[in-house]
Amino acid sequence: MTPVLSVQNLSVSINGGGASVPVLENLSFDVARGKTMALVGESGCGKSMTALAIMQLLPESFQVTSGSIRLDGKDVLSASPRELRSLRGNEMSMIFQEPMTALNPLYTVGDQIGEVLRQHRKLGRRDATEQAIGFLKAVQIPAAEQRVNAYPHQLSGGMRQRVMIAMALACKPKLLIADEPTTALDVTVQAQIFDLLSELQDETETAIVLITHDLGAVSELADDVAVLYAGRCIEQGAAHEVISHARHPYTRGLMACVPHLRLGRANDHGPAVLDEIPGMVPPLGARGPDCAFLPRCAFAGEVCRSQPQPPLDRIGAAAAVSCWRHQEIAP
């Protein structure tokens, strides 16, 4: 069966000062209908850049240098501007990180949802408004008949995020990209948003690419996961396998930061203390062919210092990892 989204050997670079600097390197994954692929990693690892490449919304100085992106078999990278306008919002949609900046403050939320329907479904204004009310109800916004005439600043952060979801799902796209969809929301609202995405996916069988730094969310929502670090995939596979048997030191470090995945170290003076990963993701210009996680890795050995980063090593049918010492440090 053809996957809804197929990304193969995708590389993205930024051009500046006469040089081309890699941002993403050889990223590959597929997402099937009704399934969720999570892209995980800290800020600066390439998650949002992957989303922008898929949507063909890369900033002017960035470009795809190799690889392919196919949406239901269609070549996205070779699509004309007119074809892309037809695809975006219709067959593929994106929930952006910050709804207050993604929503237009000068238009009501009903107008903004309705615009998608008028553009792609050719509805009149009245029919588009009626359907917008229905979508606001579907994303559980109370008093939808009144809220449809509200401006973004008149809604809470959770409601604005729900409006973004309603806009993204208005045309029942084949692919939904959710880029940190719960940023700046409190824990209760985060849980509601994730529950909502799961319910809507069950109803529409939309393929979802979930971008997050939270492996706790991945354990609840994702079917598959790709862990990104410094623009490279360092671990990938079925979510349950990666969560249960994380093999890369970076993945294990991310898990140690999540309370319900690992409770942390015992503390005689109070509650458990969570682990942390020392250091920071290297900036773009400082990335070489060796393992970018090397300066932060507690398991690094001589082979890590003398060899370039290894390719993803397949482990059974459910996972792959890019680490020279993964067999020695396997849980």
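This is a predicted model: local features need pLDDT of at least 70, side-chain atom pairs count only at pLDDT 80 or more; totals for chains, interfaces and linings use all residues.
Residues are numbered from 1 along each chain as its sequence is written, and side-chain values use heavy atoms, with hydrogens and water left out. Helices (H or I, at least four residues) and strands (E, at least two) are DSSP runs numbered from the N terminus.

**The sheet**

- Eight strands make up an open sheet with mixed pairing, in the order β6-β7-β8-β3-β9-β10-β12-β11; two strands pair if DSSP finds at least two bridges between them.
- At the edges stand β6 and β11 (313-315), each with a single partner strand, so one side of each has no neighbour in the sheet.
- From one strand to the next, the twist averages 20 degrees; axes are lines fitted to C-alpha atoms, for helices over the stretch in contact, and angles run from 0 to 180 degrees between N-to-C directions.
- β6 and β7 run parallel and are joined by 4 bridges, with M92 having L175 in β7 as its bridge partner.
- β7 also pairs with β8 in the parallel sense, over 5 bridges; here I177 has V209 of β8 as its bridge partner.
- β3 (residues 36-40) runs parallel to β8 (residues 207-212), and 5 bridges join the two; T36 stands opposite I208 in β8.

- α7 lies across β6 and β7 (175-179), running at about 175 degrees to β6.
- α8 (residues 187-204) packs on the sheet and touches β3, β6, β7 and β8, where contact means heavy atoms within 4.5 Å.
- The direction of α8 makes about 165 degrees with that of β8.
- In β7, 5 of its 5 residues are buried; buried means under 20% relative accessible area, exposed over 50%, and partly exposed in between (1.4 Å probe, protein chains only).
- L175, I177 and D179 point one way from β7, L176 and A178 point the other way, and all are buried.

**The largest pocket**

- On a 1 Å grid over the protein atoms alone, a pocket is an open set of points with protein on both sides within 12 Å along at least five of seven lines, whereas a cavity is a set where a 1.4 Å probe fits but cannot get out; lining residues have an atom within 4 Å of a point.
- The largest pocket has a volume of about 630 Å³; grid points are joined across faces, edges and corners, and a volume is the space filled by probe spheres set on the points.
- Its lining has 24 residues, of which G89, Q112, E115, V116 and M167 lie nearest the centre.
- β6 (92-95), α4 (109-121) and α7 (157-169) each supply at least two lining residues, and the largest share, 7 residues, comes from α4.
- By class, this lining has 12 nonpolar, 6 polar and 6 charged residues; Ala, Val, Leu, Ile, Met, Phe, Trp, Tyr, Cys and Pro count as nonpolar, Asp, Glu, Lys and Arg as charged, and the others, Gly among them, as polar.

**The cavities**

- The structure holds 2 cavities of 30 Å³ or more.
- The largest cavity has a volume of about 110 Å³ and is lined by 14 residues, of which P249, C291, C297, C304 and C323 lie nearest its centre.
- The lining of the largest cavity has 12 nonpolar, 1 polar and 1 charged residues.
- The second largest cavity holds about 30 Å³ of space, and α8 gives the most to its lining, with 4 residues.
- L169, L176 and I208 are among the residues that line the second largest cavity, a lining with 5 nonpolar, 3 polar and no charged residues.

**Loop residues worth a look**

- Most residues other than glycine have a negative phi.
- K172, in the loop between α7 and β7, has a positive phi near 50 degrees and is exposed, with a relative accessible area of 62%.
- A230 has a positive phi of about 50 degrees too; A230 sits in the loop between β9 (224-229) and β10 (232-238) and counts as buried, at 2% relative accessibility.
- T182, in the loop between β7 and α8, counts as buried at 10% relative accessibility.
- Leaving aside neighbours within four places in sequence, T182 is in contact with Q161, Q190, I193 and F194.
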